[in-house]
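Please look over the structure below before reading on.

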Amino acid sequence: MEKGKTNIDYKNPVIVVRGLEKAFDDYRVLRGIDLDLYQEENLVVLGRSGSGKSVLIKIISGLLKADKGEVMVFGNDISTITDMELQELRIRIGFSFQNSALYDSMTVRKNLEFPLVRNRKGITRKEINTSVESVLDAVGLSQTINQMPSELSGGQRKRIGIARTLILKPEIMLYDEPTAGLDPITCIEINDLINEVQQRFHTSSIIITHDLTCAKSTGDRIAMLLDGQFQRVGSFDEVFNTSDERVKPFFEYNFIQ
Amino acid sequence: MNTASKSTAPAAKKGPSFKRRLSNAFVSLYDINKFILRFFREAFLPPFELKEVVRQCYETGVRSFTLITLTGFITGLIFTKQSRPSLSNFGAQSWLPSLVSIAIMRALAPLVTALIAAGKVGSSIGAELGSMRVTEQIDAMEVSGTKPFKFLVCTRVLATTLTLPILATYTAFVALLGGYVNVSVNEGTSYTTFMEQVFEPLTFVDFVASLSKSIVFGFTIGIVGCYQGYYSTKGTEGVGKAANGAVVTAMFLIFVEEILIVQIAGWFR
């Protein structure tokens, strides 16, 4: 599926990051990140393993604390809001984990119901069932409803992970390596799903990846993370039409060429 | 002679210095205290995860039930058997039920139950939470607007704290049954007579001390298992360490608490 037309509102950033810094012991992973994510935009963050891509979205979702800098999500400064406010904000952010992070001890149905029953007080059984069936249908895995996560393939786990975040109808989606460890055909299916989610649910997304096919097919804008900073930001062609020796090998060694 | 292998042999790794280890121990102590305080702050504030607490109580009970039945019965049986020759030397076999009951109620039942639960339940909690941590399931709960500490830690600690006194009471019953079987076979004592002699030397303080011990042991098993698992790191190796740490630390603390509670109970006798 080709990336469809999107209505990106460039006047309205939903996430604003300024001067973000993060270090683990002596290793400075992020060294002054500036980022804007606009409404209904898919922003792809590209970078090598260990470059701090996942750290960036973990800071945005409040899982990690930044050492320095400002992260505003829907106008709320993540570092200063209360726990309660952060919890409410998180419901508006969907996080798809690299390894899906499905709850091992629960069936697919229970995995999907879990965030719903916890965050929508007074929800009826009928509404729960409708929501579960609707998101499973959206990811094309209705038949897996009573299966355990261990019975699913890698691609199916990714899809269920995305479905679990969609059930709360988030406005922002954060995808951590959505195609990592999957075969090329499943990668294409996941890329299509990311585009479909954007068009169907009008979400703004940050997609963390080192897969150029994923970047090209899902990204409205690409940001190349190198040495703890965004070195190049723009469309796919703008980012890779360069003689920068740090960026070129990334492109050259990828099968897309 | 292989001199090359000598010269290329890796230098022995130096462990962390004593100062560093002492500092780490204090940091861990501070962290676990913070963890306990957080439990008390969150466990008794709504929303209460009652359904999950009940589920965890069931898990705790079921996991230990068979082993506790077997161990409790054998403990009672063997203790009675081993005590008989000593009492026989003074012609005091008739005191056997009293001796067995004091030993079981005051010390053996809570201690045996706690040690078994530390092995079965504590390790399971450590491994389960550790695995959830390294596979990002705890993070997934957090980002979906659920408080994982409340759902995972508070429920498990409450479950072990509530279940252990029940299990210890059951162990006492089964151990006394083991003792009765031995006494009955050797002396032909009736069940009623045995039970009368069992309850005769026991005081209210014995029951309260035994119950308090079980509550403290249960809390220890739960909190140590959860702490080890919740903060586990380093992938699958970390999960193993969490499970192991949960058992070893809980067992050590159980013995320390046993000494302290015995001392305190002694002041009230």
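V73(A) stands opposite N76(A) in strand β5(A). This is a predicted model, in which local features need pLDDT of at least 70, side-chain atom pairs count only at pLDDT 80 or more, and totals for chains, interfaces and linings use all residues. Residues are numbered from 1 along each chain as its sequence is written, while chains are lettered from A and ligands numbered from 1 in the order in which they are written.

Strand β4 (residues 68-73) of chain A pairs with β5(A) in the antiparallel sense, over two bridges. Strands here are DSSP runs of E with at least two residues, helices are runs of H or I with at least four, and both are numbered from the N terminus. Two strands pair if DSSP finds at least two bridges between them. The open sheet has four strands of chain A, in the order β2-β1-β4-β5, and its pairing is antiparallel. β2 (27-39) and β5 (76-77) of chain A stand at the edges, each with a single partner strand, so one side of each has no neighbour in the sheet.

Now the helix α4(A). Why does the length of this helix agree with expectation? The 14 residues of α4 (residues 125-138) of chain A should span 20 Å at 1.5 Å a residue, and the end C-alpha atoms are 20 Å apart. The expected span is 1.5 Å times one less than the number of residues.

A residue is buried if 20 or more other C-beta atoms lie within 10 Å of its own, and exposed if 12 or fewer do; C-beta atoms are placed from the backbone.

| State in α4(A) | Residues |
|---|---|
| Buried | V132(A), V135(A), L136(A) |
| Exposed, on the other side | K126(A), E127(A), T130(A), D137(A) |

The buried residues of α4(A) pack against α3 and α5 (154-166) of chain A. After α4(A) comes G140(A), whose phi is positive, near 70 degrees.

Next, the core. A nonpolar core is a set of buried Ala, Val, Leu, Ile, Met, Phe, Trp, Tyr and Cys residues joined through C-beta atoms within 7 Å. The largest one has 120 residues, and V45(A), A163(A) and L174(A) touch the most other members. Helix α4 (residues 96-134) of chain B gives the most to this core, with 19 residues.

Last, the two chains. In all, 15 residues of chain A are in contact with 10 residues of chain B. Contact means C-beta atoms, placed from the backbone, within 7 Å.

Note on methods
Two residues are in contact if their C-beta atoms, placed from the backbone, lie within 7 Å.
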